[in-house]
Amino acid sequence: MSKFQPQQVKQISYLQDFKCAAASCVDSCCVGWIVGVTQDNKKFYEEQNSEILQYVEPQNDKEFQMLRCDDGSCSQLENNLCSVQKNFGEAYLPDICYTFPRSYKKIAGEVYMAANLACPESLKVALFNNKAGDFSKWNEVEQSRPKAGLYNYTSEKSAILEVDQTLNIFSAIVEMIDDTSCNSDYAMSKLLLLARQMDQKDDFNWLNLKSEIAQISKDKIAKIAAENFAKVTVQNDLFGVLKAIFVLTKIDRPRYNKVVAVIKECVGDYELSEDEFLRNYQMILKSWNNSQNNFDQILKNFIKAKLSYRTFLIGLENKQQNITAFALEYLVVKMALMCFNHKLQREMTAEETIDVIQPLTKRFYGLKNDKLQNFCIDLQWQDCGKLIAVLLNFSQDRKSKFSQLISKISSKFYNK
Ligand code: SF4
């Protein structure tokens, strides 16, 4: 019998199709992570079910965790199923297990629920959603217990906003990303400029976000990229993306290693010569541009889902820095998709797409944001113009510096 009272929360619409894959999950959240047990959870076990206490150990002076096996999995995972849930019911799960992959924001007393993309099933329902508005509509659902770790959803600039205003701002951002005249690279660039405006403009018009977005036209983005092409180098910027994959986010897990191996096979790593790298890159770029996959929609959904998880952009302090770190993740995901698309030479299934993206999103989720931000500072990506030039250079814009280099290298190799 649970001591918890049900709670009404507002769930982002795309999550209505989410269902935990439980025993058939390809990358269970019970493996590879510390499963934290809060002081409240421990007290609950002491009062209600001391049997579970034998599986709880101290993590440090203040916190606790579930005992782990040598392979990093939770000691309570049996045949990929949780024995706490099976034997005692979900009321006895530690908060983190009951909550994951959901994330919560509290706005004016109401709880809003989005999802973390480290989970393969939440990633799948987000990336393959094609219902207009599902990233800015909220459905009332009942949760059988309240959550720990609610975000008190305010930042200096957003503290003045009412709940409707906050949600309208997020809807306007979603609309900006969905704009069909811009591909996902432009959408990511617009987001970056919008974040900078939010950070820097004293007279930022929070209540008429569309007027702020109107100032960020596609032409303006293209002009900024053109002005900054000269700052972009393969050595620093494209190799920077590879370094993020091979060094910054590196982790010895089979699913992650598989992604890294395909990237290495298709494009090489950052220790290649520029000529070699560009010769390989030219080939993956050609496959990408001829691809039958709807990658643009997938990448736009990735941006929207990530934003809903990261407190809609509005609630973040240092918005530009945060979006810069997200742009790194976006480019890493895109590089991985480009390589798999090239290797497979056919339309990728939803499962294959998730197998590429999820190990990366899970790894990014596990990294501290300041580590990601410092990596971006080393690449000089805090220069928003330069990062926009990188984003537009990465694949689509045939007039770009990378593309010029690529065509130079390819004519050297193919016109012999
Ligand atoms: S990662 Fe997601 S689908 Fe897999 S077990 Fe955890 S919540 Fe369920």
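In the predicted model, Asn80 lies in the loop that runs between strand E5 (77-78) and strand E6 (81-82). The phi angle of Asn80 is near 65°, a positive value in a residue other than glycine, and Asn80 is partly exposed, with 14 other C-beta atoms within 10 Å. A positive phi is also found at Gln380, where the angle is near 60° and the residue is again other than glycine. Gln380 is placed in the loop between helix H15 (369-378) and helix H16 (384-393), and it counts as partly exposed because 14 C-beta neighbours lie inside 10 Å, a number between the 12 or fewer of an exposed residue and the 20 or more of a buried one.

At the level of the whole protein chain, 17 helices and 10 strands are present. The radius of gyration of the chain is 22 Å, close to the 22 Å that the globule rule gives for 416 residues, so the chain is as compact as a globular protein of that length. Along the principal axes, the C-alpha trace of the protein chain spans about 75 × 50 × 40 Å. Of the 416 residues in the chain, 43% are buried, and among contacts with a separation of 6 or more, 78% are accounted for by residues 24 or more positions apart.

The protein chain is divided into domain 1, covering residues 7-152, and domain 2, covering residues 185-414, and the C-alpha centres of domain 1 and domain 2 lie 29 Å apart. To the contact between them, domain 1 gives 20 residues and domain 2 gives 21 residues. On the side of domain 1 that touches domain 2, the elements that give two or more residues are strand E7 (102-107), strand E8 (110-115) and helix H4 (120-127), and the largest share, 5 residues, comes from H4. By class, the residues on this side of domain 1 comprise 12 nonpolar, 5 polar and 3 charged.

Helix H6, formed by residues 184-200, has 17 residues and reaches 24 Å from its first C-alpha to its last, close to the 24 Å expected at 1.5 Å a residue. Because 13 of the 17 residues of H6 are buried, this helix is largely enclosed by the rest of the structure.

The ligand is surrounded by Cys20, Ala21, Ala22, Cys25, Ser28, Cys29, Phe100, Pro101, Cys119, Pro120 and Glu121. Divided by class, the shell around the ligand has 9 nonpolar residues, 1 polar residue and 1 charged residue. Two members of the shell, Phe100 and Pro101, are joined by a cis peptide bond with omega about 5°. Pro101 itself is placed in the loop between helix H3 (95-99) and E7, and E7 is in turn one of the elements on the side of domain 1 that touches domain 2.

A further loop position is that of Lys137, which is found between H4 and strand E9 (138-143). With 17 C-beta neighbours inside 10 Å, Lys137 counts as partly exposed. The C-alpha atoms of Lys137 and Ser13 are separated by 5.5 Å, although these two residues are 124 residues apart along the chain.

Note on methods
Residues numbered from 1 in each chain as written. Predicted model: local features only at pLDDT ≥ 70, side-chain atom pairs only at ≥ 80, totals over all residues. Domains from an automatic or database assignment. Contact = placed C-beta atoms within 7 Å. Helix = DSSP H or I, 4+ residues; strand = E, 2+ residues; numbered from the N terminus. Nonpolar A, V, L, I, M, F, W, Y, C, P; charged D, E, K, R; others polar. Near = placed C-beta within 6 Å. Rg over C-alpha atoms; globule rule 2.2 N^0.38 Å. Expected span 1.5 Å × (residues − 1).
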